[in-house]
Amino acid sequence: MTRNKGVGVASHVTALSMEEPARFDPECLEDLCHRIGEVRAEAEVALALHRISEGLPKLRGLLDRDDRMFQRDVDQIARDAELIGMSTLARVAQSVLHSYATANNVALAATLARLERVGERSIHAVWDLEDLSG
């Protein structure tokens, strides 16, 4: 019996898009403003964005050097994202932590790459929102 190598294989391969929109929940920000006041909420958003934008690029290096710092920084990104309404980013950060905890290196590589992509888009989405609000 002979097989035609490669025939029909392409029909079973799914092309995955590396583009996905950043999900942002403006109601979360409104709730934060109501709870702690607009001025304090603005400071919290700025601090969270700063920590996320500083933390994301460091994660790959931490993964190779310091397990505790890696977990701490991913957890901080998840908490900051949740606080300011970056729901997708928070969910992806939790997926990174789960992949790490279960020692699933393939999933960890994939979710960490996704965290970087979604993080950048989320940060830009909030900055764009601030630009629109004046």
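Glu116 and Arg60 join their side chains in a salt bridge, at 3.0 Å from N to O. A salt bridge here is a side-chain nitrogen of Lys or Arg within 4 Å of a carboxyl oxygen of Asp or Glu. The two partners sit 56 residues apart in the chain, Glu116 in helix H6 and Arg60 in helix H3. The count comes to five salt bridges.

This is a predicted model, where local features need pLDDT of at least 70, side-chain atom pairs count only at pLDDT 80 or more, and totals for chains, interfaces and linings use all residues. Residues are numbered from 1 along each chain as its sequence is written, and side-chain values use heavy atoms, with hydrogens and water left out.

Helices are DSSP runs (H or I, at least four residues), numbered from the N terminus.

| Helix | Residues |
|---|---|
| H1 | 26–36 |
| H2 | 38–55 |
| H3 | 59–65 |
| H4 | 67–84 |
| H6 | 105–133 |

Next, the second largest pocket. A pocket is an open set of points on a 1 Å grid where a 1.4 Å probe fits, with protein on both sides within 12 Å along at least five of seven lines; lining residues have an atom within 4 Å of a point. The second largest pocket holds about 160 Å³ of space, the volume filled by probe spheres set on the points, which are joined across faces, edges and corners. Its lining includes Arg51, Lys58 and Asp80. Helices H2 and H4 each give two or more residues to this lining. H4 gives the most, with five.
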